[in-house]
Amino acid sequence: QVQLVESGGGSVQAGGSLTLSCAASLRTLSVYAMAWFRQAPGKEREFVAAIGWRGGITRYADSVKGRFTITRDNGKNTVGLQMNSLNPEDGAIYYCAAAGGGGVVPPSTESTYDYWGQGTQVSVSS
């Protein structure tokens with residue numbers, strides 16, 4: 001069973017940067033994709049970014065494209081999210097997720113992800 005633990009959340013001013021990390025326990029050999037989702041107060045959880053674990057194919061939500069970068073380190077079983085040019089709308093709880101099956105292109109639908117971390121808080125002040 002895969003266990004995910006997020007870290008790196010915090011508070012930053014608008015325009016600043018923050019880097020999140022997600023550590024997976026084991027059995028990542030069976031992981032096809034990992035992703036970041038976020039949920040702001042009063043809103044539904046939304047897709048942020050995803051990466052194929054084997055091929056490294058990435059996809060991003062339009063709202064973060066060009067500002068966020070998702071990375072992976074297969075050897076360390078970690079996935080990162082580099083967030084630049086943050087604005088208050090980026091403030092949310094960020095969740096790491098892993099999909100146990102799928103194709104080359106990582107999915108963006110949360111129902112396709114099997115494992116979830118506990119989340120880490122990101123706050124952006126104006």
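Here is a short chat about a disulfide and one tyrosine in a predicted model.

Residues are numbered from 1 along each chain as its sequence is written, and side-chain values use heavy atoms, with hydrogens and water left out. Since the model is predicted, local features need pLDDT of at least 70 and side-chain atom pairs count only at pLDDT 80 or more, while totals for chains, interfaces and linings use all residues.

Trainee: Which residue does the disulfide join to Cys 22?

Mentor: A disulfide here is a pair of cysteine sulfur atoms within 2.5 Å. By that rule the count comes to 1 disulfide. Its S to S distance is 2.1 Å, and the residue joined to Cys 22 is Cys 96.

Trainee: How many residues apart are Cys 22 and Cys 96?

Mentor: Strands are DSSP runs (E, at least two residues), numbered from the N terminus. Cys 22 sits in strand 3 (residues 18-24) and Cys 96 in strand 9 (residues 92-99). The pair links distant parts of the chain, and the separation is 74 residues.

Trainee: Is Tyr 94 buried or exposed?

Mentor: Tyr 94 is found in strand 9. Buried means under 20% relative accessible area, exposed over 50%, and partly exposed in between (1.4 Å probe, protein chains only). Because its relative accessibility is 0%, Tyr 94 counts as buried.

Trainee: Which side chain makes a polar contact with the side chain of Tyr 94?

Mentor: A polar contact is a pair of N or O atoms within 3.5 Å; within protein, one must be able to donate a hydrogen and the other to accept it, and residues adjacent in sequence count only if both atoms are side-chain atoms. At 2.9 Å, the partner of Tyr 94 is the side chain of Arg 38.

Technical notes. Helices (H or I, at least four residues) and strands (E, at least two) are DSSP runs, numbered from the N terminus.
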